[in-house]
Amino acid sequence: MPKPWYTIKAAVAGSDTAEVSILDVISSWYGVNARTYLAEFRALKEERVRVYISSPGGDVSEALAIFNGMRATGKHIEVHVLGVAASAASYIAMAGDKIVMPANTMMFLHNPISGVYGNAEDMRESADRLDKFGDVLFSTYAKRWKGEEQALRDVLAAESFLTAAECLEYGLCDEVIDEIAVEARFDVEGLPEK
């Protein structure tokens, strides 16, 4: 089995906080899958978990399982967006009791999408299924959303990239922190002689 693209570990020996990183596609075939991820997540002894996310999203069914599986543990979950929590990954982020975003990060929200091959009945059946998934996703985002319900529906319909500041305004995160300062240094003394 290929190595999963997430890590789970105790943050510091003797600490009550574990750290989890989700850094790949959410999928039952590759990247982060609910079965393996949740088996390891449930095995954590710590009562508090920091979940770091940078993911393009993926399979909504896997995201629903990950979200519900994490919430079912009763652990205090603090989510940190590292880059972009897109699509299904933005849904997983909603599992946080607290969601923190550096100022230079984003979330991408949209209504569920699918590819369908088949006849007209297949298309209608797929559209009905997407509507049901959409209702489920909407109800979770709506629990945090500050503002009119229609505004959330508009954001989802528009396939929206939201900045950290926008997420804070809309209630999709609880805190915006400064991005990590980076400083480039170059020491000429370290160069080899010609």
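Which side chain of opposite charge is nearest to glutamate 78, and how far away is it? The legends below refer to a predicted model, and the first view gives the answer.

**View 1. Glutamate 78, a buried residue without a salt bridge.** Glutamate 78 is part of strand β4, which covers residues 76-86. The nearest side chain of opposite charge belongs to arginine 50, at 4.2 Å. A salt bridge needs a side-chain nitrogen of Lys or Arg within 4 Å of a carboxyl oxygen of Asp or Glu. Leaving aside residues up to four places away in sequence, glutamate 78 touches Val49, Arg50, Val51, Lys98 and Val100.

**View 2. Methionine 107 in the largest nonpolar core.** This core has 45 residues. Tyr37, Val51, Met70 and Met107 are those with the most contacts inside it. Among the residues that methionine 107 touches, not counting those up to four places away in sequence, are Val81, Ala85, Met94, Ile99, Phe161, Leu162 and Leu172. Ser90, Ser160 and Cys167 are also included in its contacts.

**View 3. Helix α5 and its buried residues.** Helix α5 spans residues 149-157, and Leu152, Val155 and Leu156 are buried in it. Seen down the axis of α5, the buried residues fall within an arc of 95°, so they line one face of the helix. They pack against β6 (106-109), α4 (120-144) and β7 (160-163). Just after α5, glutamate 159 has a positive phi of about 55°.

**View 4. Tyrosine 91 and tyrosine 141, an edge-to-face pair.** The whole structure holds five aromatic pairs. In the pair shown here, the ring centres of tyrosine 91 and tyrosine 141 are 6.0 Å apart and the planes are at 85°, so the pair is edge-to-face. Tyrosine 91 lies in helix α3 (residues 88-93) and tyrosine 141 in helix α4, so the pair ties together parts that are 50 residues apart in sequence. Tyrosine 91 counts as buried because its relative accessibility is 3%, and tyrosine 141 counts as buried at 2%. Ring pairs also link Phe67 with Tyr91 and Tyr141 into a cluster.

**View 5. Tryptophan 145 and tyrosine 170, a stacked pair.** The ring centres of tryptophan 145 and tyrosine 170 are 4.4 Å apart and the planes are at 20°, so the pair is stacked. Tryptophan 145 is in the loop between α4 and α5, while tyrosine 170 is in helix α6 (residues 164-170). The pair links distant parts of the chain, 25 residues apart. With a relative accessibility of 9%, tryptophan 145 counts as buried.

Note on methods. Residues are numbered from 1 along each chain as its sequence is written. This is a predicted model: local features need pLDDT of at least 70, side-chain atom pairs count only at pLDDT 80 or more; totals for chains, interfaces and linings use all residues. Side-chain values use heavy atoms; hydrogens and water are left out. A nonpolar core is a set of buried Ala, Val, Leu, Ile, Met, Phe, Trp, Tyr and Cys residues joined through side-chain atoms within 4.5 Å. Buried means under 20% relative accessible area, exposed over 50%, partly exposed in between (1.4 Å probe, protein chains only). Contact means heavy atoms within 4.5 Å. Helices (H or I, at least four residues) and strands (E, at least two) are DSSP runs, numbered from the N terminus. The arc is that of the directions from the helix axis to the C-beta atoms. Lys and Arg count as positive and Asp and Glu as negative; His and the chain ends are not counted. Rings of Phe, Tyr and Trp (its six-membered ring) pair if their centres lie within 6.5 Å; planes under 30 degrees apart count as stacked, over 60 as edge-to-face and the rest as tilted.
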